[in-house]
Amino acid sequence: QVQVDTLLCTTLTHSSPPDEREQKKEKQQSGTIPSSECIGNQPPFRLCEEKQEKMKTVLSSAMLGAMASGTCAFSPSAGSFIARSALKVNSPTSLKMIDGNMKRGKSFSDSESFYPFDTAMASKSALSAKGPNSEADDGSSGLRQLLGVKGASETKDIWKIRLQLTKPVTWIPLVWGVMCGAAASGNYHWMWNPFDPNDRDVMLGATDAAKGLVAMILAGPFLTGFTQTINDWYDKEIDAINEPYRPIPSGAISEGEVIAQIWILLLGGLGISYGLDVWAGHDFPVVFALSVFGSFISYIYSAPPLKLKQNGWAGNYALGASYISLPWWCGQAVFGELDRPVFWILPILYSIAGLGIAIVNDFKSVEGDRAMGLNSLPVAFGIDGAKWICAGSVTLTQLGVAGYLASIGETAYGAGILALILPQIYFQATLLIPDPVANDVKYQAQSQPFFVFGILATALCLGHHDFGDLA
């Protein structure tokens, strides 16, 4: 009560004319202030000047802090995209979208700022912003920038920024998928095969190596680059909060440059796919058709109104199919034919396992997804339910593949797949099931190598198996 009365009296004192202020100061120094000079007719009290000065300092600091916060939140500057502190309110949250009337080619940093949360609506959960990017201190910041991952160094080189936007680290599964498809075709030739003396035609091997390289460029830099760029484009408002260091929200690249990159990667990829069909002598342009289909899936995964990523089942399966089935079919079509149901069914089964792997990435963002209205599987089923869906889809689909290989007489390959499943089950039991949120990265790093080598083993089995007249 003494501090409140002091603050009120001090405020009135500093709002009085100078002569009255001096009189009140003398009264304060003498030790008494009449009750008539205070608010609310409070009884007289004694207060030292030191406490008054301390309260004035606190009040001034609070006012300056509030003014600075308001200015930063609404000022038109590049810093307006830096993530704000978490808001803790009591009902649903919504992001206030960036003004859709920004002119093409205008950098985000040059545009009018926006406040990222609609304060007219409240929220049940607080969204914690990750804040600006911190460069890795292990000397890998330059490599991280090129790979498009957190901890990257800053650069003004537009070509490095364009590369970062395509997230090269995500190309690897697609390149692996093309390799698996080539192996499944049974028609890929080495320049010098150490295991087969009949497969040592240097020119034929060089031609197939060139085809494989072009197919990998199609699947990785072009179509995966297109997917990542368009995903960042439609996620720019959320990235402005969660990952403000990304090229688009940071203003490192303009809207016009992003849109141009999307079209170049898409049209370039479709052109390469048609060229591969011509090179492979296809009557029907199967690689082109797969590329069109995959690009369409990429678009509806990220873009409204469908935005598959908002739905856990559809979004995760689309992700699994894009990373496993489509590159497999592309590689197999370049070197062989997709003329048996098994060539379609097994990649689809592995894509169901890919759905389970995609769930792992959703555990860490379950609170944010719930607040944003994204119906990921951990949101829909809870973390405990989703972790069992994840483990079941990964394990059961691989067991089904192993059983199929054994049923066509490839018992050695079937046993090999089982051997690769066992460590995955162990990591599920020791990492995924106990705590999927804390162990997500560790589980992925330790379990996935066995999964991807299982895909390659399956593809090699199909490539070497003599189906005869069987489907």
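The model is predicted: local features need pLDDT of at least 70, side-chain atom pairs count only at pLDDT 80 or more, and totals for chains, interfaces and linings use all residues. Residues are numbered from 1 along each chain as its sequence is written, and side-chain values use heavy atoms, with hydrogens and water left out.

## Overall fold

The protein chain has 18 helices and zero strands. Helices (H or I, at least four residues) and strands (E, at least two) are DSSP runs, numbered from the N terminus. Of the 471 residues, 44% count as buried. Buried means under 20% relative accessible area, exposed means over 50%, and partly exposed lies in between (1.4 Å probe, protein chains only).

The accessible surface comes to about 24100 Å², and 63% of it belongs to carbon and sulfur atoms. Such areas come from the Shrake-Rupley method with a 1.4 Å probe; for residues, only the protein chains shown count as cover. Among contacts with a separation of 6 or more, 66% are between residues 24 or more positions apart. A contact means heavy atoms within 4.5 Å.

## Annotated spans and a surface patch

An unreviewed UniProt entry gives the annotation "transmembrane region" to residues 169–189, 209–226, 258–276, 282–301, 313–335 and 341–360. UniProt positions follow the numbering used here, feature names are shortened, and annotations may be inferred rather than shown by experiment. Residues 258–276 are 100% helix and 0% strand, with end C-alpha atoms 27 Å apart. Residues 341–360 are also 100% helix and 0% strand. Their end C-alpha atoms lie 30 Å apart.

Helix H14 (residues 341–360) contains Trp344. This residue is partly exposed because its relative accessibility is 32%.

## Salt bridges

Side chains of opposite charge can pair when their charged atoms come close. The structure holds seven salt bridges. Each is a side-chain nitrogen of Lys or Arg within 4 Å of a carboxyl oxygen of Asp or Glu. The table lists some of them.

| Salt bridge | N to O distance |
|---|---|
| Lys167 and Asp232 | 3.8 Å |
| Asp235 and Lys309 | 2.6 Å |
| Lys236 and Glu237 | 3.9 Å |

Lys236 and Glu237 are both buried. Salt bridges that share partners join Lys167, Asp232 and Arg246 into one network.

Take the bridge between Lys167 and Asp232. Lys167 sits in the loop between helix H5 (158–165) and helix H6 (171–185), and Asp232 in helix H7 (residues 202–234), so the pair ties together parts that are 65 residues apart in sequence. Both residues are buried.

Now the bridge between Asp235 and Lys309. Asp235 lies in the loop between H7 and helix H8 (236–242), and Lys309 in the loop between helix H11 (286–302) and helix H12 (312–323), so this pair ties together parts 74 residues apart in sequence. Asp235 is buried at 10% relative accessibility. Lys309 is partly exposed at 24%.

## Backbone details

The loop between H11 and H12 also holds Pro305. The peptide bond from Pro304 to Pro305 is cis, with omega near 10 degrees. Lys307 lies in that loop too. Its phi is near 40 degrees, a positive value in a residue other than glycine. Lys307 is buried, at 14% relative accessibility. Lys167 likewise has a positive phi, near 50 degrees.

## Aromatic pairs

A pair of aromatic rings is described by the distance of the centres and the angle of the planes. Rings of Phe, Tyr and Trp (its six-membered ring) pair if their centres lie within 6.5 Å; planes under 30 degrees apart count as stacked, over 60 as edge-to-face and the rest as tilted. The count comes to ten aromatic pairs.

Trp313 and Phe381 pair edge-to-face, at 5.9 Å centre to centre and 80 degrees between the planes. The pair links distant parts of the chain: Trp313 in helix H12 and Phe381 in helix H16 (residues 377–407), 68 residues apart. Trp313 is partly exposed at 44% relative accessibility, and Phe381 is partly exposed at 43%.

The rings of Phe427 and Phe450 have centres 6.3 Å apart and planes at 35 degrees, so this pair is tilted. Ring pairs link Tyr426, Phe427 and Phe450 into a cluster.
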